[in-house]
Amino acid sequence: MATLTTSSKRPYHIIVFGASGFTGQFVVEEVARTCNEGPGGTFQWAVAGRNRDRLEKTLLQAADALCKPELKCVEVIVADVAEPESLAIMCKQGIIVLNCVGPYRFYGEPVVKACIENGAHCIDICGEPQFLEGIQLKYHSKAQENGVYIIGSCGFDSIPADMGICYTQDHFKGTLTAVESFLTINTGPEGGCGHDATWQSAIFGFADSASLRRIRRKFGHKPLPAVGARIKKRGALFFNKEIEQYVIPFMGSDPSVVRRTQRYMHEEHKHSPVSPCMTSCLMQHPFIGPHRGGVYTPGSAFARTTLIDRLNKHGIQFSLKKGQ
């Protein structure tokens, strides 16, 4: 069980690293909304990044948006991925570092390394399979030795998919053998847009897919047992009768993350593995996860916690609907 107790030497429950970035600003607002749900009532937190002025501006904007003037007093820590000493100083002050600095293939490893070496748990929102699996290969044993938890993909990639399958397994009457999930993207009146870091992550990921295959070979995993009928392999574009829409394969990290969770659940808890197929349409409570530290997926780390209940309370709904 991971400890969430602060001390004079480690005064913050959470440090939001990259708080002034595109995603970091949303994370800051969400932390501000939920900080009264922490251990003992209110958790202590800080923001971190390269530029103090931008960080202070982010806090001012959040204070105005949420009508919380006290946010102007949140502590600011200056740290840069290019300066290991600054990362070490940051990590020594927090129990958990929420890393929002991407693309992670370029900027993620120094943060993971600093967290492991300085005893801070690390959570990120990465959707890059090569980084996620490479970090597991390189740092899992060291993180275990130090009792540090490194948990990737804790954003849109891949909480809905990974925790959604865990939720389905828990509520399914019988043995769940396969899941095919669908993502519908709806845009507003002004249309849609993508963020540059997300675009870079996708482009470099596709260009360097051979590296991911090499990483997977190094694990030397045995194939998971196949239970039940396999999901029919889909083409690049197909029409699905259940949702009555044309769909394409989802190119994100969800399949990679879900498979890693299913392998962990099978090897550690003897659960029957689920075969995933993803497509898309055109801490107040104790942490009851793996007993030791290490590099884990959301499902591996949070399946036995109250995360889904907490997400349901905050607008991320998990529910079951009976078939017709």
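Predicted model: local features only at pLDDT ≥ 70, side-chain atom pairs only at ≥ 80, totals over all residues.

Student: Okay, helix 6 and helix 10: how close do the axes come, and at what angle do they cross?

Tutor: The axes of helix 6 (residues 129–146) and helix 10 (residues 254–269) come within 9 Å and cross at roughly 30 degrees.

Student: Parallel or antiparallel, then?

Tutor: Angles under 35 degrees count as roughly parallel, so helix 6 and helix 10 are roughly parallel to each other. Their crossing is left-handed.

Student: Which residues meet there?

Tutor: On the helix 6 side you have Pro129, Leu132, Glu133 and Gln136, and they meet Ser256, Val257 and Arg260 in helix 10. By class, that contact splits into three nonpolar, two polar and two charged residues.

Student: And helix 6 with helix 9, what's the geometry?

Tutor: The axes of helix 6 and helix 9 (residues 209–219) come within 10 Å, crossing at roughly 30 degrees. Helix 6 and helix 9 are therefore roughly parallel to each other, and this crossing is left-handed. Helix 6 contributes Pro129, Gln130, Glu133, Gly134, Gln136 and Leu137, while helix 9 brings Ser211, Leu212, Ile215, Arg216, Lys218 and Phe219.

Student: What's the class breakdown for the contact of helix 6 with helix 9?

Tutor: Five nonpolar, four polar and three charged residues.

Student: Switching to rings. How many aromatic pairs turn up in the whole structure?

Tutor: Seven. One of them is Phe22 with Phe26, an edge-to-face pair with 5.6 Å centre to centre and 75 degrees between the planes.

Student: Where do Phe22 and Phe26 lie?

Tutor: Both are in helix 1 (residues 22–34), four residues apart, which is about one turn of the helix. Phe22 counts as partly exposed because its relative accessibility is 47%, whereas Phe26, at 53%, counts as exposed.

Student: What about Phe239 and Tyr246, and why is that pair called edge-to-face?

Tutor: Their ring centres are 5.1 Å apart and the planes sit at 70 degrees, so the pair is edge-to-face; the cut-off for that is over 60.

Student: Buried or exposed, for Tyr246?

Tutor: Tyr246 counts as exposed, with 51% relative accessibility.

Student: Last one: which residues do ring pairs link into a cluster?

Tutor: Tyr149, Tyr264 and Tyr296 are linked into a cluster by ring pairs.

Note on methods:
Residues numbered from 1 in each chain as written. Heavy atoms only, no water. Axes fitted to C-alpha atoms, helices over the stretch in contact; angles between N-to-C directions. Helix = DSSP H or I, 4+ residues; strand = E, 2+ residues; numbered from the N terminus. Parallel < 35°, antiparallel > 145°, perpendicular 65-115°, else oblique. Left-handed = near helix turned anticlockwise from the far one by under 90°. Contact = heavy atoms within 4.5 Å. Nonpolar A, V, L, I, M, F, W, Y, C, P; charged D, E, K, R; others polar. Phe/Tyr/Trp six-rings, centres within 6.5 Å; stacked < 30°, edge-to-face > 60°. Buried < 20%, exposed > 50% of the residue type's maximum accessible area, 1.4 Å probe, protein only.
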